[in-house]
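Here are my notes, as promised. Have the model open while you go through them.

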Amino acid sequence: MIALPTLTPSRPAARPAPAGGPFTGAVAAEWTKLWSVRSTWWTLLAAVLTMAATAGQLAIYAVNANTDDDPTVNPGIVDVGEIVAGALDLTQYVVLALGLFAISSEFATGTIRTTLRCTPSRGRVLAAKAVVVGGVTFLAGLLLGAVGAAVARPVLGEWGRAPLGGTVGDVVASAAYLALVGVLALGLAAALRGAVLTLTVLFALLMIVPLSLQEPGITVLTRIADAFPGVAGNHFLAGDTEPYPAAVGLLLLAGWAVAALALGRWALRRRDA
C-alpha cells in the first residue's frame, strides 16, 4: 500500500495588530465616533455664537463704563484677552458638552457595551476618550479665543488694546482651560452616567459652591473656594499672583480633571455597562 501524506490543517493567518498599538486604535475609534454625530458640530456652532455674543456684550459694557458720567466705574483701557477670559464664564458650559456627551450618550443608548467589547480595558477606553476630548476642546478653545478677540477689538475701539504676544497667550490659556474643563466633564460623566446629573454637579463645582463660599470677611471659606476648579481656572486666566500664582491655578484645575478621570475609571471597573 502506498502511504498517503498526512495533511495538517493550516492555521489562519494572524490578524495584524493595528498600527501604533491598541491605544492608538482606541483613540482613532473615539475620534471617529465624536465627529460622526451631528451634536458635535451643533455644539461647536453654538459655542462660536455664544462666544461672539458674550465677547461683544462685555466689550460694549467696557465702552459704556468708560464713557458714562460716573468715573468710579471707569475701567480704562481694556485688554482683549480680558474680554475673552470673561466670555468663557458662559461659553464653557457649551463646550463642556463635548466631554459630557462623549460617554453619557453611550450609556443612554447602550452603545457603551459595544465600545467595551471592542476595547475591554476600561482604563484604555477612558484614556482614549480623554485624549480626544482634550484635543478637540483645546482646538475649539483656540478658535473661540480668536473669535472672541476678533469681535471684541473693533467694539472696544479706543478703549481696547490687543498686543499680539499677550493676545495669543490669552487665547492659548483659554484653550488650555477649556480642554481641562472638558476632561473634567468626561470623568464626571463616566462616574455619574447621566447627562443631567453630571451637568448639575459641574455647574455646582464651577460656579454655585464657590460663590456660596466666597463670603466677605470669612477668609477660611474664601480659601476653600479658591481651590475649586472654576475659581482656580479664573486665577490662571487672569494671571493672578494672589492667593497663588497663575501656574498653581492651572495645576489645581488639572488636578481636578485627573481626579475626575480616576473616579470615572473606578466607577467603570466596578459597575457593568
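How do the residues of the lining of the largest pocket divide into nonpolar, polar and charged? Before the answer, a word on ground rules. This is a predicted model, where local features need pLDDT of at least 70 and side-chain atom pairs count only at pLDDT 80 or more, while totals for chains, interfaces and linings use all residues. Residues are numbered from 1 along each chain as its sequence is written, and side-chain values use heavy atoms, with hydrogens and water left out.

1. The largest pocket. The lining splits into 8 nonpolar, 7 polar and 4 charged residues (Ala, Val, Leu, Ile, Met, Phe, Trp, Tyr, Cys and Pro count as nonpolar, Asp, Glu, Lys and Arg as charged, and the others, Gly among them, as polar). The volume of this pocket is about 330 Å³. Of its 19 lining residues, Lys33, Val37, Phe101, Ala102 and Ser105 are the closest to the centre. A pocket here is an open set of points on a 1 Å grid where a 1.4 Å probe fits, with protein on both sides within 12 Å along at least five of seven lines; lining residues have an atom within 4 Å of a point. The volume is the space filled by probe spheres set on the points.

2. Who builds that lining. Helices H1 (22–35), H2 (38–67), H3 and H5 each supply at least two residues. H3 gives the most, with 7 residues. Helices are DSSP runs (H or I, at least four residues), numbered from the N terminus.

3. The second largest pocket. About 180 Å³ of space lies here, and the lining includes Asp79, Glu82, Asp89 and Asp170. H3 and helix H9 (229–238) are the elements that give two or more residues to this lining. H3 again gives the most, this time with 5 residues. By class, the lining has 3 nonpolar, 3 polar and 4 charged residues.

4. Gln92. Look for glutamine 92 in helix H3 (residues 80–109). Is glutamine 92 buried or exposed? Its relative accessible area is 4%, so glutamine 92 is buried (buried means under 20%, exposed over 50%, partly exposed in between, with a 1.4 Å probe and protein chains only). Its side chain makes a polar contact with that of tyrosine 177 at 2.5 Å (a pair of N or O atoms within 3.5 Å, one able to donate a hydrogen and the other to accept it). Not counting residues up to four places away in sequence, glutamine 92 touches Tyr177, Leu178, Val181 and Leu206; contact means heavy atoms within 4.5 Å.

5. Ser104 and Arg193. Serine 104 also sits in H3 and counts as buried because its relative accessibility is 4%. Beyond its neighbours within four places in sequence, serine 104 is in contact with Ala189, Arg193 and Ala195. Arginine 193 lies in the loop between helix H6 (164–192) and helix H7 (195–213). Its phi is near 70°, a positive value in a residue other than glycine. At 22% relative accessibility, arginine 193 counts as partly exposed.

6. Helix H5 and what follows. The 35 residues of H5 (residues 122–156) should span 51 Å at 1.5 Å a residue, and the end C-alpha atoms are 49 Å apart, which agrees. The expected span is 1.5 Å times one less than the number of residues. Just after H5, glycine 157 takes a positive phi of about 60°.

7. Glutamate 242 and proline 243 are joined by a cis peptide bond, with omega about 5°. Proline 243 lies in the loop between H9 and helix H10 (246–270).
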